[in-house]
Amino acid sequence: MAMKFITGAALGLGLAGMALAQDAPMFGGEEDQAYAQQVWQAMTDQHLAGDGAIMSFPYPGTEPHGMMLETFYTTATIDGHEGALVVKRNYGPEGVSVDEVLGAPAEHLGALTIMFQREAGYDDETGNWFYAKYLPDGSLDQSPDGMALAGLVGKNAEAGCIACHQNAGGDDYLFTTDAEMGMMME
(Lines give C-alpha, C1' and ligand atoms only; values in the text may rest on other atoms or scores of the structure.)
Protein backbone atom coordinates (compact mmCIF):
# COMPACT_ATOMS: atom_id res chain seq x y z
CA MET A 1 0.00 0.00 0.00
CA ALA A 2 1.36 3.39 -0.92
CA MET A 3 1.70 5.63 2.09
CA LYS A 4 1.26 9.36 1.92
CA PHE A 5 3.02 11.45 4.49
CA ILE A 6 2.43 15.11 5.14
CA THR A 7 4.12 17.03 7.88
CA GLY A 8 1.59 19.23 9.65
CA ALA A 9 1.06 21.53 12.57
CA ALA A 10 0.39 20.41 16.14
CA LEU A 11 -2.74 18.36 16.86
CA GLY A 12 -2.91 19.58 20.44
CA LEU A 13 -3.98 16.37 22.16
CA GLY A 14 -4.56 17.49 25.74
CA LEU A 15 -3.20 14.55 27.74
CA ALA A 16 -2.02 16.34 30.85
CA GLY A 17 -4.32 16.93 33.79
CA MET A 18 -7.01 14.44 32.92
CA ALA A 19 -10.05 15.85 34.73
CA LEU A 20 -12.80 13.35 34.03
CA ALA A 21 -16.47 14.11 34.49
CA GLN A 22 -18.63 11.85 36.63
CA ASP A 23 -20.22 10.22 33.59
CA ALA A 24 -17.02 9.95 31.52
CA PRO A 25 -16.69 6.63 29.72
CA MET A 26 -13.82 4.49 30.80
CA PHE A 27 -10.77 4.19 28.58
CA GLY A 28 -7.53 2.34 28.89
CA GLY A 29 -8.99 -1.05 29.78
CA GLU A 30 -7.66 -4.37 28.52
CA GLU A 31 -9.56 -4.10 25.22
CA ASP A 32 -8.21 -0.60 24.53
CA GLN A 33 -4.69 -1.68 25.46
CA ALA A 34 -4.85 -4.71 23.16
CA TYR A 35 -6.16 -2.57 20.31
CA ALA A 36 -3.40 -0.01 20.93
CA GLN A 37 -0.80 -2.76 20.63
CA GLN A 38 -2.25 -3.72 17.24
CA VAL A 39 -1.95 -0.08 16.15
CA TRP A 40 1.66 -0.01 17.41
CA GLN A 41 2.43 -3.12 15.38
CA ALA A 42 0.93 -1.53 12.27
CA MET A 43 3.05 1.57 12.88
CA THR A 44 6.24 -0.45 13.24
CA ASP A 45 5.36 -2.44 10.11
CA GLN A 46 5.04 0.88 8.24
CA HIS A 47 8.30 2.20 9.78
CA LEU A 48 6.46 4.97 11.63
CA ALA A 49 7.61 3.77 15.07
CA GLY A 50 10.33 1.71 16.65
CA ASP A 51 13.81 0.93 15.38
CA GLY A 52 14.39 2.08 11.82
CA ALA A 53 11.47 4.53 11.81
CA ILE A 54 11.56 6.95 8.90
CA MET A 55 12.20 10.60 9.66
CA SER A 56 10.67 13.75 8.27
CA PHE A 57 11.64 17.33 9.01
CA PRO A 58 10.64 18.27 12.58
CA TYR A 59 8.74 21.50 13.19
CA PRO A 60 8.16 23.59 16.34
CA GLY A 61 5.39 22.38 18.60
CA THR A 62 3.72 23.22 21.88
CA GLU A 63 2.48 21.41 24.95
CA PRO A 64 0.99 18.95 25.50
CA HIS A 65 2.84 17.31 22.61
CA GLY A 66 6.40 18.55 22.55
CA MET A 67 8.71 21.34 21.56
CA MET A 68 9.52 19.68 18.21
CA LEU A 69 7.11 17.44 16.32
CA GLU A 70 6.83 15.19 13.29
CA THR A 71 3.38 14.27 11.96
CA PHE A 72 2.53 11.51 9.49
CA TYR A 73 -0.81 10.87 7.81
CA THR A 74 -1.52 7.46 6.33
CA THR A 75 -3.89 4.51 6.63
CA ALA A 76 -3.62 1.26 8.55
CA THR A 77 -5.64 -1.92 8.77
CA ILE A 78 -6.52 -3.09 12.27
CA ASP A 79 -8.78 -6.12 12.82
CA GLY A 80 -9.76 -6.03 9.14
CA HIS A 81 -10.78 -2.35 9.20
CA GLU A 82 -8.81 0.17 7.15
CA GLY A 83 -8.84 3.64 8.65
CA ALA A 84 -7.02 6.94 8.69
CA LEU A 85 -3.96 6.98 10.96
CA VAL A 86 -2.32 10.15 12.27
CA VAL A 87 1.01 9.63 14.04
CA LYS A 88 2.70 12.46 15.91
CA ARG A 89 6.21 12.09 17.30
CA ASN A 90 6.72 14.40 20.26
CA TYR A 91 10.26 15.62 21.00
CA GLY A 92 11.74 17.65 23.83
CA PRO A 93 12.90 19.13 26.08
CA GLU A 94 12.01 22.80 25.81
CA GLY A 95 14.64 24.53 23.72
CA VAL A 96 15.52 21.46 21.62
CA SER A 97 16.47 22.38 18.06
CA VAL A 98 15.66 20.79 14.74
CA ASP A 99 19.34 19.88 14.33
CA GLU A 100 19.41 18.18 17.74
CA VAL A 101 16.31 16.12 16.92
CA LEU A 102 17.65 15.17 13.48
CA GLY A 103 21.06 14.29 14.96
CA ALA A 104 19.77 12.14 17.83
CA PRO A 105 16.04 11.51 17.53
CA ALA A 106 15.96 8.67 20.07
CA GLU A 107 17.53 10.91 22.72
CA HIS A 108 14.80 13.53 22.31
CA LEU A 109 11.70 11.42 21.60
CA GLY A 110 9.31 11.75 24.53
CA ALA A 111 6.18 10.06 23.18
CA LEU A 112 4.15 9.14 20.14
CA THR A 113 0.51 10.22 20.08
CA ILE A 114 -1.90 8.78 17.55
CA MET A 115 -5.41 9.00 16.23
CA PHE A 116 -6.81 6.02 14.33
CA GLN A 117 -10.25 6.26 12.79
CA ARG A 118 -12.07 3.07 13.69
CA GLU A 119 -15.13 1.59 12.06
CA ALA A 120 -18.51 3.36 12.10
CA GLY A 121 -20.27 2.66 15.38
CA TYR A 122 -17.12 2.66 17.53
CA ASP A 123 -18.08 6.10 18.84
CA ASP A 124 -19.90 8.07 16.14
CA GLU A 125 -20.29 11.04 18.48
CA THR A 126 -16.51 11.62 18.39
CA GLY A 127 -15.84 10.72 14.77
CA ASN A 128 -14.91 7.13 15.68
CA TRP A 129 -11.36 8.19 16.58
CA PHE A 130 -9.25 5.92 18.78
CA TYR A 131 -6.49 7.79 20.64
CA ALA A 132 -3.30 6.50 22.25
CA LYS A 133 -0.14 7.91 23.76
CA TYR A 134 2.87 5.62 23.58
CA LEU A 135 6.24 5.92 25.23
CA PRO A 136 9.20 5.48 22.84
CA ASP A 137 9.43 1.73 23.63
CA GLY A 138 5.82 1.14 22.52
CA SER A 139 4.33 0.83 25.98
CA LEU A 140 1.31 2.99 26.73
CA ASP A 141 1.71 6.11 28.82
CA GLN A 142 -0.63 6.50 31.78
CA SER A 143 -2.81 9.24 33.21
CA PRO A 144 -1.92 10.56 36.68
CA ASP A 145 -4.37 8.05 38.17
CA GLY A 146 -2.74 5.10 36.38
CA MET A 147 -5.12 4.58 33.45
CA ALA A 148 -3.53 3.58 30.13
CA LEU A 149 -3.91 6.40 27.60
CA ALA A 150 -5.71 4.43 24.89
CA GLY A 151 -9.26 4.54 23.57
CA LEU A 152 -11.74 7.37 24.09
CA VAL A 153 -9.27 9.46 26.08
CA GLY A 154 -10.91 12.63 27.36
CA LYS A 155 -14.49 11.96 26.25
CA ASN A 156 -16.93 13.99 28.38
CA ALA A 157 -13.95 15.44 30.23
CA GLU A 158 -12.49 18.88 30.73
CA ALA A 159 -9.07 17.78 29.41
CA GLY A 160 -7.62 14.99 27.31
CA CYS A 161 -7.44 14.03 23.65
CA ILE A 162 -11.12 14.24 22.75
CA ALA A 163 -11.78 17.23 25.00
CA CYS A 164 -9.14 19.14 23.05
CA HIS A 165 -9.82 17.79 19.56
CA GLN A 166 -13.55 18.53 19.71
CA ASN A 167 -12.42 22.16 19.47
CA ALA A 168 -10.48 21.62 16.23
CA GLY A 169 -13.23 23.13 14.10
CA GLY A 170 -15.05 21.19 11.45
CA ASP A 171 -16.14 17.65 12.12
CA ASP A 172 -12.91 15.72 11.57
CA TYR A 173 -11.27 16.36 14.99
CA LEU A 174 -8.03 17.37 13.23
CA PHE A 175 -6.20 20.63 13.79
CA THR A 176 -3.77 20.24 10.94
CA THR A 177 -4.94 19.35 7.47
CA ASP A 178 -7.70 18.12 5.24
CA ALA A 179 -5.23 16.78 2.66
CA GLU A 180 -6.18 13.23 1.71
CA MET A 181 -8.00 12.77 5.02
CA GLY A 182 -11.42 13.23 3.41
CA MET A 183 -10.83 10.24 1.15
CA MET A 184 -9.40 8.12 3.94
CA MET A 185 -12.30 8.83 6.30
CA GLU A 186 -15.10 7.70 3.97
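**Entry 1: overall count**

Helices (H or I, at least four residues) and strands (E, at least two) are DSSP runs, numbered from the N terminus. I noted that this is a predicted model, in which local features need pLDDT of at least 70 and side-chain atom pairs count only at pLDDT 80 or more, while totals for chains, interfaces and linings use all residues. Residues are numbered from 1 along each chain as its sequence is written, and side-chain values use heavy atoms, with hydrogens and water left out.

Reading along the sequence, I wrote down the pattern α-β-β-β-α-α-β-β-β-α-α. The protein has 186 residues, and 53% of them count as buried. Buried means under 20% relative accessible area, exposed means over 50%, and partly exposed is in between (1.4 Å probe, protein chains only).

I also looked up the accessible surface, which comes to about 8600 Å², with 50% of it belonging to carbon and sulfur atoms. Accessible areas come from the Shrake-Rupley method with a 1.4 Å probe; for residues, only the protein chains shown count as cover.

In what order do the six strands of the open sheet stand? I read 1-2-3-4-5-6, with antiparallel pairing. The edges are strand 1 (59–60) and strand 6 (150–151), each of which pairs on one side only. Two strands pair if DSSP finds at least two bridges between them. Strands of a sheet pair through backbone hydrogen bonds, either parallel or antiparallel.

Next I looked up what packs on the sheet. Helix 1 (residues 30–45) does, and it touches strand 2 (68–78), strand 3, strand 4, strand 5 (129–134) and strand 6. Contact means heavy atoms within 4.5 Å. The direction of helix 1 makes about 75° with that of strand 5. For this angle, axes are lines fitted to C-alpha atoms, for helices over the stretch in contact, and angles run from 0 to 180 degrees between N-to-C directions.

**Entry 2: strand 3 and its neighbours**

I followed strand 3 (residues 81–91). Eleven bridges join strand 2 to strand 3, and the two run antiparallel. On this side, Thr71 stands opposite Lys88 in strand 3. Towards strand 4 (residues 109–117), strand 3 has seven bridges, again antiparallel. There I found Val86 with Met115 as its bridge partner in strand 4, and Tyr91 opposite Leu109.

Is strand 3 largely enclosed or open? Nine of its eleven residues are buried, so strand 3 is largely enclosed by the rest of the structure.

**Entry 3: salt bridges**

How many salt bridges does the structure hold? I found three. A salt bridge is a side-chain nitrogen of Lys or Arg within 4 Å of a carboxyl oxygen of Asp or Glu.

- Glu70 and Arg89 meet at 2.8 Å, N to O. Glu70 lies in strand 2 and Arg89 in strand 3, so the pair ties together parts that are 19 residues apart in sequence. Glu70 is buried at 0% relative accessible area, and Arg89 is buried at 3%.
- Arg118 and Glu119 have their closest N and O atoms 3.1 Å apart. Arg118 is buried at 12%, whereas Glu119 is partly exposed at 29%.
- Lys133 and Asp141 meet at 3.2 Å, N to O. Lys133 and Asp141 are buried.

**Entry 4: backbone angles**

Most residues other than glycine have a negative phi, and most peptide bonds are trans. I looked for exceptions.

Strand 2 and strand 3 form a hairpin with two residues between them, and Asp79 in the turn has a positive phi of about 50°. Asp79 is exposed, with a relative accessible area of 61%. Asn128, in the loop between strand 4 and strand 5, has a positive phi of about 65°. Asn128 counts as buried at 10% relative accessibility.

The peptide bond from Gly92 to Pro93 is cis, with omega near 5°. I placed Pro93 in the loop between strand 3 and helix 2.

**Entry 5: a surface patch**

Which residues form a nonpolar patch on the surface? I noted Met55, Phe57 and Leu102, with about 290 Å² of accessible area together. Patches are made of residues with over 30% relative accessible area and no salt bridge; like charges are joined within 9 Å, nonpolar side chains (Val, Leu, Ile, Met, Phe, Trp, Tyr) within 5 Å. Leu102 lies in helix 2 (residues 98–103) and counts as partly exposed at 37% relative accessibility.
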